[in-house]
Amino acid sequence: MRIAVFVENRNGVGLASEIMRAEGADAHSFHLLVAERDAKNAGRLEQEAAAARCEGLAVHNLFPEDEELDNAEFLAELGHRIGAFVEEAGMDRLVLFDDQSQRGRRLAGTLGRTLPLILVQDCHLDFRYRRTGTGRRDQSWYYGSSSPATAAVCVWGPATARHLLFRSADAAPPVHITGALGHSDDPALLRAARSTAHRHARKPDEALRIAVLAQPTTRHSRLSREDHRERLAELRSVLAEFGEVDVDPDPSALDGYDLAVTFYATAYLQTLRAGTPLILFSPPPLNIVFPTISHPLLRNVGTLGELVDVVADLRRSAKFLANEHGEPLDHFLAFQDDVAGRVLRVVEGAAVPVEPPAPRWTAKDEGRAGPSRAERALSAVRGRVERPRSLAVLGLGFDYVTGVAIPVLTYTQALLAQSPVDVRYFDLGAYGRHEDVLSDLADAEVVLINSLAPFWRSPLAGELVRALREQGRSVVVYAHETEYVMNFEGSRNALRHQEMVDLLPALKVLCVSNAQADMFRALGVCDPVVVYNTVPRDAHRARARPTPGARPRVVMVGSMQDRKGLDLFSRVAELAYGQGLPWRFAWIGQRTWRIGSSTLLSDRVEWMGALSRERVREELATSDVFFLSSVDDPMPLSVVEAVQQRLRTVTYHRVGSREVLDGVPGYRSFAEYTPESALDALRRVLDDEVSESEYGDVEELFDIPAFTARMTTALGLPGPGDPVALPAAADGVPQDDPVPPRFPVVPAPSRQGTYVIEDFTRHLAAGRHDDALRVGEEILLHRQPVDVLLGMAGIRAGRGEAEEACRLLAAAAIVGGDRARVWTEIGRIAELLGARGRSVRQLARRESVRLRIGNQAARLLKRN
């Protein structure tokens with residue numbers, strides 16, 4: 001197969017080289033095409049091709065060196081030349097990386113319907129907008145809209161797939177989530193993406209090394225050249241207060257910086273690898289806004305004042321204030337193995353899109369064309385159903401370290417790829433008042449509370465749920481706990497536990513097992529729904545050996561705590577050793593404080609500590625039996641992973657896994673929670689042969705598509721087969737985004753109470769009044785310092801907001817402090833209010849004089 005790859009820049013050459021080195025690529029011949037009038041530019045691309053190890057591959061320029069053509073002539077000629085080259089060279093496929101550049105649009109318009117065109121995403125596209133209207137948006141919004149000329153599109157992740165699929169009602173090309181070439185299959189980036197820790201600045205109050213990544217936002221009408229220069233100069237000026245500032249340093253040296261700042265970029269991939277905190281700054285003139293990603297090294301800010309607050313906190317405390325809420329990185333970047341191979345398979349299978357037949361205006365007698373009357377009637381009813389379009393997931397932290405968050409994180413990635421639902425995550429632990437949570441959830445149609453833990457850990461959960469229910473909002477709880485945890489938490493947090501029990505009957509409860517559903521029925525929940533759970537598709541899922549070795553290895557994965565059966569696992573290891581069995585025991589998981597003083601931690605067990613998901617998969621593959629020693633586990637994900645790797649499994653009789661594995665060859669359970677009973681089950685399972693078909697059936701139950709279908713149905717969200725009403729279009733372009741953002745586009749930064757008054761003073765002195773008011777309102781939620789009240793009153797009075805200014809002045813008069821100075825300031829600010837402030841000004845003058853005379857008299861008396 002002869003495959004042409006059209007490139008426009010160095011990045012495109014690198015991506016092309018990745019595809020050319022994919023497994024199976026040697027069966028095809030590749031041809032690198034460029035369209036450059038400037039010989040220097042063409043030469044640079046040739047040098048880049050050589051540097052990218054495209055051995056023996058000539059770069060074919062469609063234009064001879066220094067051909068004199070203006071831009072219009074160049075674009076007109078480009079279409080003719082690309083068509084002639086493809087025909088003469090007998091090309092079977094053409095890969096391009098941008099169908100919205102001037103060259104890309106011309107190429108797609110010329111070759112569409114004649115040659116399979118495969119579009120491969122080459123940069124981040126998932127931007128949102130502060131303002132939407134009928135005008136043309138940023139170029140990235142139209143990416144992939146050359147359909148129906150395009151045969152297929154390969155995208156980085158589910159968020160881009162959703163955008164392409166639901167952007168308009170027009171027929172869209174097949175969208176394939178392949179991951180990002182050079183990123184999705186990078187182990188270093190995967191480790192950084194899943195990490196929950198990051199390095200801090202060297203020491204508190206030490207000057208920072210700051211890198212400003214000032215990519216040219218003037219391209220694609222993102223920001224005017226003048227605005228770009230002005231914002232960059234302003235940015236450098238305010239950052240200089242906190243340390244040394246470098247603009248556009250070498251990307252390979254980012255790990256030497258304490259902080260990076262960018263207007264808009266895909267730079268987060270480089271900073272994550274380097275372990276450098278990154279602030280994604282969207283200045284007000286820039287309409288596009290980078291999505292809020294939840295990660296310890298990423299922070300979104302929308303104004304210069306918010307940026308200064310975050311940088312100041314990093315300088316003062318050596319701690320980076322990352323996004324408290326947001327979406328997981330996996331929404332935008334699917335981590336997959338062999339991305340180049342996936343892209344190549346799409347290229348090989350692509351075909352010229354078939355043009356739909358013209359509509360018939362007269363019906364023929366032979367047979368009925370199209371759907372039946374009954375089908376059309378059903379479709380009309382479905383089209384009128386208003387399905388929720390926004391989902392807020394509420395919990396206490398979301399990461400891939402603990403199993404409680406993994407199913408819902410995995411679910412939303414699949415949901416985005418097939419449904420026009422706006423999904424956001426909110427950490428309840430970041431809030432101090434339930435009113436603030438309600439404000440952020442104002443437009444969420446469905447609120448999913450992940451696990452029961454927020455009810456026990458947060459004082460806001462109960463009050464918040466009642467408020468949401470009063471507003472008529474759909475509130476769903478996805479429970480991961482069973483009887484043991486309920487009893488434990490009920491004894492520790494009796495009042496909150498009882499509040500939760502009282503609320504549960506009014507909520508929809510999703511369960512991970514039938515036993516768990518029975519428990520909730522006993523608590524008054526009328527109709528709990530069993531959805532089970534799921535796990536991500538990890539790249540490393542090697543099968544365990546079908547026949548146990550001479551020294552069978554028994555492994556457990558879970559945090560070290562009594563509920564997970566530490567004592568039982570240790571005693572089984574001791575019992576096996578005492579009976580002369582050549583078995584090896586290993587436990588993978590971090591140590592916790594929930595270990596009793598009488599719990600045995602046997603030396604016969606290899607305590608391996610916490611490992612990465614990749615390492616856990618490798619350890620499972622080198623083991624013979626997965627022994628879940630938990631006394632109570634609703635539906636443990638570790639058992640699902642063991643099933644995926646065809647590992648023999650043993651669990652206690654009361655664990656949820658028995659519901660789906662009972663009777664499957666390769667699985668055993670023990671009815672008595674004793675070392676002897678468990679050891680007997682281990683002996684028996686070692687003699688069993690794993691049933692491939694039945695293990696496969698269990699795996700399918702927990703696979704992502706099946707779980708996604710169950711969750712989507714239970715939540716009432718639109719699924720793949722449900723019709724979706726899109727906004728009305730004008731000239732083929734929807735008036736608003738197909739999935740308008742329903743949550744704050746740029747979150748306000750979290751603050752540390754120690755520093756907020758200092759930040760208020762800085763903003764007030766710099767004339768950043770909006771930021772001063774923002775910080776001041778935050779201060780007033782907790783305390784009322786008189787200088788903040790007076791400063792905010794001065795800003796309000798200067799803006800003519802008399803009522804608000806008077807309210808603040810009244811509070812300042814009550815709070816206290818240096819009374820004479822306070823009343824003097826009140827009088828000065830009242831002058832700004834005109835006639836409305838006359839009486840306040842007169843009162844302030846009298847009080848100021850009275851206090852000064854009183855103070856002087858007190859000093860004279862003290863001297864005498």
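Colleague: Which elements do the buried residues of α18 pack against?

Modeller: They pack against α16 (483-492), β19 (508-511) and β20 (529-530). Packing rests on contact, meaning heavy atoms within 4.5 Å. This is a predicted model, where local features need pLDDT of at least 70 and side-chain atom pairs count only at pLDDT 80 or more, while totals for chains, interfaces and linings use all residues. Numbering runs from 1 along each chain as its sequence is written, and side-chain values use heavy atoms, with hydrogens and water left out.

Colleague: Which residues of α18 are buried?

Modeller: Gln516, Ala517, Met519 and Phe520. Because they cover an arc of only 155 degrees around the axis, they sit on the same side of α18. The arc is taken from the directions that run from the helix axis to the C-beta atoms.

Colleague: Why is Gln516 called buried?

Modeller: Buried means under 20% relative accessible area (exposed is over 50%, partly exposed in between; 1.4 Å probe, protein chains only). The relative accessible area of Gln516 is 0%, so Gln516 is buried. Across the chain, buried residues make up 53% of the 864 residues.

Colleague: What does Gln516 touch?

Modeller: Ala479, His480, Glu481, Thr482, Cys511 and Pro634, leaving out residues up to four places away in sequence.

Colleague: Which backbone nitrogen lies 2.7 Å from a polar atom of the Gln516 side chain?

Modeller: That of Val512. A polar contact is a pair of N or O atoms within 3.5 Å; within protein, one must be able to donate a hydrogen and the other to accept it, and residues adjacent in sequence count only if both atoms are side-chain atoms. At the start of α18, a side-chain oxygen of Ser513 also reaches to within 3.1 Å of the backbone nitrogen of Gln516. Just after the helix, Gly524 takes a positive phi of about 100 degrees.

Colleague: What joins the side chains of Thr150 and Ser146?

Modeller: A polar contact of 2.6 Å. Thr150 sits in the loop between β6 (128-129) and β7 (152-155). Its relative accessible area is 4%, so Thr150 counts as buried. Thr150 touches Asp99, Leu117, Leu119, Pro173 and Pro353, neighbours up to four places away excluded.

Colleague: Where is Pro407, and why is Pro407 called buried?

Modeller: Pro407 belongs to helix α12 (residues 406-416). With a relative accessible area of 1%, Pro407 is therefore buried. Outside four places in sequence, its contacts are Tyr478, His480, Asn533, Thr534, Leu637 and Phe707. Pro407 and Phe707 are 300 residues apart in sequence, yet 8.9 Å apart C-alpha to C-alpha.

Colleague: Why is α21 largely enclosed by the rest of the structure?

Modeller: Because eight of its eight residues are buried. They are Leu637, Ser638, Val639, Val640, Glu641, Ala642, Val643 and Gln644. Just after α21, Arg646 takes a positive phi of about 55 degrees.

Colleague: What makes a space a cavity, and how many of 30 Å³ or more does the structure hold?

Modeller: On a 1 Å grid over the protein atoms alone, a cavity is a set of points where a 1.4 Å probe fits but cannot get out; lining residues have an atom within 4 Å of a point. Two reach that volume, which is the space filled by probe spheres set on the points, joined across faces, edges and corners.

Colleague: What lines the second largest cavity?

Modeller: Met635, Pro636, Val639, Val640, Val643, Ser657, Val660, Leu661, Val698 and Phe702. α21 (637-644), α22 (658-661) and α24 (692-702) each supply at least two lining residues. The largest share, three residues, comes from α21. By class, nine are nonpolar, one is polar and none is charged.

Terms used. Helices (H or I, at least four residues) and strands (E, at least two) are DSSP runs, numbered from the N terminus. On a 1 Å grid over the protein atoms alone, a cavity is a set of points where a 1.4 Å probe fits but cannot get out, and a pocket is an open set with protein on both sides within 12 Å along at least five of seven lines; lining residues have an atom within 4 Å of a point. Ala, Val, Leu, Ile, Met, Phe, Trp, Tyr, Cys and Pro count as nonpolar, Asp, Glu, Lys and Arg as charged, and the others, Gly among them, as polar.
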